[in-house]
Amino acid sequence: MKIQKVMVIGAGQMGSGIAQVCAMAGFEVFLHDLKEDFVDRGLSVIKKNLSRQVEKGKMTEEAQNQTLSMLTASTDLQNASGVDLVIEAAVENMEIKSKLFAQLDEIAPAHAILASNTSSLPITEIAAATNRPEQVIGMHFMNPVPVMKLVEIIRGLATTDEVYQAIEDMSKALGKIPVEVNDFPGFVSNRILMPMINEAIYTLYEGVATKEAIDEVMKLGMNHPMGPLTLADFIGLDTCLYIMETLHEGFGDDKYRPCPLLRKYVKAGWLGRKTGRGFYSYE
């Protein structure tokens with residue numbers, strides 16, 4: 001199964017990063033979103049990232065131009081009719097993803113693989129919205145995509161070995177390190193990371209220590225590159241809450257119950273870096 005043409009759905013931070021690494025690896029890429037503005041914003045982020053690489057001497061101008069030539073803007077989902085792989089990086093919502101995968105199943109060629117960059121939702125359930133569940137798989141990239149090496153590859157209940165192998169091979173072609181994971185809520189990364197972040201929030205909520213102290217303990221004592229509260233702000237507190245709710249619902253275990261302080265911040269619109277305020281202020 002040879003992958004040459006790719007559509008990335010969602011031109012936000014994750015989607016544009018995925019499109020960038022695919023184009024850099026020589027794949028033809030449609031970067032798709034609902035509005036032209038969103039796609040333009042995603043493409044300008046890619047251009048900025050590549051220009052920075054050229055300035056640092058890590059990339060030639062020729063390679064930059066070659067990468068940009070592999071990218072095509074898309075606001076028409078029908079463009080999926082000519083691709084070998086779709087990587088969906090839309091909003092983390094099961095209803096939206098299921099509807100999108102049902103549409104893609106109608107449009108994409110029979111041989112095409114449909115992948116989701118979901119960080120916590122079950123691949124088997126997403127696959128059930130299609131008539132090709134054996135060709136649906138999870139490709140969970142880490143943020144920021146151009147920098148982070150890991151890709152969690154998640155098999156749905158029906159995913160075939162051939163499809164898994166094609167995605168593993170492609171991940172390696174992108175310069176990533178693929179890790180095979182089975183389809184459980186939160187997979188491996190977020191099943192371990194999010195309860196740690198949630199516990200750090202409880203530690204703040206209960207007045208055990210200040211936010212700065214909690215972050216320092218994890219950085220200096222556990223050798224983490226950034227503290228859990230700084231990381232939560234970077235990820236987005238709404239995303240953290242959504243993943244904790246997915247874990248809580250998926251396992252039915254109280255150890256995954258989101259901290260009330262996390263809920264309060266999300267309700268206040270304090271979502272972290274993207275809104276200028278979370279546990280820390282970025283204004």
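Contact here means heavy atoms within 4.5 Å. The model shown in these views is predicted.

**View 1. Helix 9 and the helices that cover it.** Helix 9 spans residues 228-235. Its buried residues are Pro228, Leu229, Leu231, Ala232 and Asp233. Their cover includes helix 7 (189-205), helix 8 (211-222) and helix 10. Just after helix 9 comes glycine 236, with a positive phi of about 110°.

**View 2. Strand 1 between its two partners.** Strand 1 covers residues 5-9. Four of the five residues in strand 1 are buried, and the strand is mostly covered. Strand 2 (residues 28-32) pairs with strand 1 in the parallel sense, over five bridges. In that pairing, valine 8 stands opposite leucine 31. From strand 1 the chain passes through helix 1 to strand 2, a right-handed β-α-β crossover. Strand 4 also runs parallel to strand 1, and four bridges join the two. Here valine 8 has isoleucine 87 of strand 4 as its bridge partner.

**View 3. Strand 4, covered on both faces.** Strand 4 is formed by residues 85-88. Leu85 and Ile87 lie on one side of the strand, Val86 and Glu88 on the other. These four residues are all buried. Strand 5 (residues 113-116) pairs with strand 4, again in the parallel sense, over four bridges. Glutamate 88 faces serine 116 of strand 5 in this pairing. Helix 4 (residues 94-107) belongs with the two strands: together they make a right-handed β-α-β unit.

**View 4. Leucine 85 in the largest nonpolar core.** In soluble globular proteins, nonpolar side chains tend to be buried together. The largest such core in this model has 37 residues. Which of its residues touch the most other members? They are Ile3, Leu85, Ile87, Phe141 and Met170. Helix 1 (residues 13-24) gives the most to this core, with six residues. Leucine 85 touches Ile3 and Met170, and also Lys5, Val6, Met7, Ile113, Ala115 and Ile167, leaving aside residues up to four places away in sequence. Another core, of 23 residues, lies apart from the largest one. Its members include Tyr202, Leu231, Ile243 and Tyr265.

**View 5. Glutamine 20, a buried residue of helix 1.** Glutamine 20 has its place in helix 1. Is it buried or exposed? Its relative accessibility is 3%, so glutamine 20 counts as buried. The residues it touches are Ile46, Asn49, Leu50, Thr67 and Pro146, not counting residues up to four places away in sequence.

**View 6. Methionine 244 in helix 10.** Helix 10 runs over residues 237-251 and holds methionine 244. Methionine 244 has a relative accessible area of 1% and is therefore buried. Apart from residues up to four places away in sequence, methionine 244 touches Met194, Pro195, Asn198, Tyr256 and Pro258. Serine 120 is 124 residues from methionine 244 in sequence. In space the two are 9.1 Å apart, C-alpha to C-alpha.

View 7. A search of the whole structure gives four aromatic pairs. Ring pairs link Tyr265, Trp270 and Phe279 into a cluster. Tyrosine 265 counts as buried because its relative accessibility is 16%. The cut-off for buried is under 20%. Tryptophan 270, at 28%, counts as partly exposed.

**View 8. Two charges over rings.** Arginine 277 lies over the face of tryptophan 270, 3.7 Å from the ring centre. Tryptophan 270 also belongs to the ring cluster with Tyr265 and Phe279.

How values were computed:
Residues are numbered from 1 along each chain as its sequence is written. This is a predicted model: local features need pLDDT of at least 70, side-chain atom pairs count only at pLDDT 80 or more; totals for chains, interfaces and linings use all residues. Side-chain values use heavy atoms; hydrogens and water are left out. Buried means under 20% relative accessible area, exposed over 50%, partly exposed in between (1.4 Å probe, protein chains only). Two strands pair if DSSP finds at least two bridges between them. A crossover is right-handed if, with the strands pointing away from the viewer, the path from the first strand over the helix to the second runs clockwise. A nonpolar core is a set of buried Ala, Val, Leu, Ile, Met, Phe, Trp, Tyr and Cys residues joined through side-chain atoms within 4.5 Å. Rings of Phe, Tyr and Trp (its six-membered ring) pair if their centres lie within 6.5 Å; planes under 30 degrees apart count as stacked, over 60 as edge-to-face and the rest as tilted. A charge sits over a ring if NZ of Lys or CZ of Arg is within 6 Å of the ring centre and within 35 degrees of the ring normal.
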